[in-house]
Amino acid sequence: MKLGFIGLGIMGKPMVRNLLKAGHDVVVYDVIQENVDNIVEAGAIAASSSKEVARQCRIVITMLPNSPHVKAVVCGKEGVLEGAGEGDILIDMSSIAPGASQEISRSCAGKGVKMIDAPVSGGEPKAIDGTISIMVGGDKAVFVQVYDILMAMGGSAVYCGDIGAGNTTKLANQIIVALNIAAVSEAFMLSTKAGVDPSKVFDAIKGGLAGSTVMNAKIPMITGRNFKPGFKIDLHIKDLKNALETGHEVGAYLPLTSSVMEMLQNLHCDGMGQEDHSAIAKHYEKITGTEIK
């Protein structure tokens, strides 16, 4: 099948590679030409704009940083809706505000384009090995129609409800991940300050109730002093900002989210916004003057 893909960042490039491995022809576009050149070498076809991608493909996937980027790429000049036709499908896999998904979907409906929101979780490693978790909102019939395409990139794809439900689910996911990293950082700072080897603590607790995918992924990074981004601090700030704004809109109480947001903002101000979100540990290290290692 010929698919369009717009947004070739940390997640987008490996997702396209998995679509190519599954036998799809993929037409791609990104504002950074180097990203396009990189994925064309893997077998993708370059387009000159988002509009051109939509002209060539009945199904277009977007993987972009935030709500304004998706709105511009879909609804703006030279955007997807300028090239799309009646019955085409937009799969937005960006992590954006649920309200923005609903707004963009209304614009799509005005052109006869069907849209689902399908944000993902798992970061770069799972994008590379094709095991990301995909959370979907929109028309269930469209979800069923594109399920095999989603599963070419992911280990699971779960229908969550109407348009925006995918991104609401993703916000819940991002709250849990951020709080989990903060809890791990706090606990392992305690063990470090108490003179107990963090690696021994990790081995002792990872198989029990405190064990988690987050801890398994992030403790080796923290203790190994490897903060190369699989998911950047600045992107997690974006997600928690969307979570807090959505919480305010619907009347949800999110005090722990607010606390971790302040940690992330502090790290951003210290110039660490492009580091992996495991760098939440550095917030604790800054306060205590002690490295977790």
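What share of the contacts in the protein chain with a separation of 6 or more comes from residues 24 or more positions apart? The share is 66%. This is a predicted model, and the points below follow from its coordinates.

1. **Overall build.** The protein chain has 14 helices and nine strands. Its C-alpha atoms fill a box of roughly 65 × 45 × 35 Å, taken along the principal axes. For 293 residues, a compact globule would have a radius of gyration near 19 Å, and the chain's 20 Å agrees with that. Buried residues account for 53% of the 293.

2. **Helix α1.** This helix covers residues 12-21. Eight of its 10 residues are buried, so α1 is largely enclosed by the rest of the structure. The buried residues are G12, K13, P14, M15, V16, N18, L19 and L20. Note that K13 and N18 are among them. Just after the helix, G23 takes a positive phi of about 100°.

3. **D30.** This residue sits in the loop between β2 (25-29) and α2 (33-40). Is D30 buried or exposed? D30 is buried, because its relative accessible area is 12% and the cut-off for buried is under 20%. Leaving aside neighbours within four places in sequence, D30 contacts G7, L8, G9, N35 and V36. G9 is 21 residues away along the chain, yet the C-alpha atoms of G9 and D30 are separated by 8.5 Å.

4. **Helices α4 and α6.** Helix α4 spans residues 67-75 and helix α6 spans residues 98-110. Their axes come within 10 Å and cross at roughly 5°. The two helices are therefore roughly parallel to each other. On the α4 side, the contact is made by S67, V70, K71, V74 and C75. On the α6 side, it is made by A100, E103, I104, S107 and C108. By class, the contact has six nonpolar, two polar and two charged residues.

5. **E78.** Look next at the loop between α4 and α5 (80-83), which holds E78. Phi of E78 is near 65°, a positive value in a residue other than glycine. Most residues other than glycine have a negative phi. E78 is partly exposed, with a relative accessible area of 35%.

6. **R225.** R225 lies in the loop between α11 (213-223) and α12 (233-250). At 28% relative accessibility, R225 counts as partly exposed.

7. **Aromatic pairs.** How many aromatic pairs does a search of the whole structure find? The search finds two. One joins F143 and Y147 edge-to-face, at 5.7 Å centre to centre with 80° between the planes. Both residues lie in helix α8 (residues 140-151). They are four residues apart, about one turn of the helix. The other pair joins F143 and Y159. That pair is tilted, at 5.7 Å centre to centre with 35° between the planes. It links distant parts of the chain: F143 is in α8, while Y159 is in strand β9 (residues 154-161), 16 residues apart.

8. **The aromatic cluster.** F143, Y147 and Y159 form one cluster. F143 takes part in the pair with Y147 and in the pair with Y159. How accessible is each member? F143 counts as buried at 7% relative accessibility. Y147 counts as partly exposed at 32%. Y159 is partly exposed too, with a relative accessible area of 24%.

9. **S191.** This serine lies in helix α9 (residues 165-193). S191 is buried, because its relative accessible area of 8% falls under the 20% cut-off. Not counting residues up to four places away in sequence, S191 touches V196, P198 and V201.

Note on methods. Residues numbered from 1 in each chain as written. Predicted model: local features only at pLDDT ≥ 70, side-chain atom pairs only at ≥ 80, totals over all residues. Heavy atoms only, no water. Phe/Tyr/Trp six-rings, centres within 6.5 Å; stacked < 30°, edge-to-face > 60°. Buried < 20%, exposed > 50% of the residue type's maximum accessible area, 1.4 Å probe, protein only. Axes fitted to C-alpha atoms, helices over the stretch in contact; angles between N-to-C directions. Parallel < 35°, antiparallel > 145°, perpendicular 65-115°, else oblique. Contact = heavy atoms within 4.5 Å. Nonpolar A, V, L, I, M, F, W, Y, C, P; charged D, E, K, R; others polar. Rg over C-alpha atoms; globule rule 2.2 N^0.38 Å.
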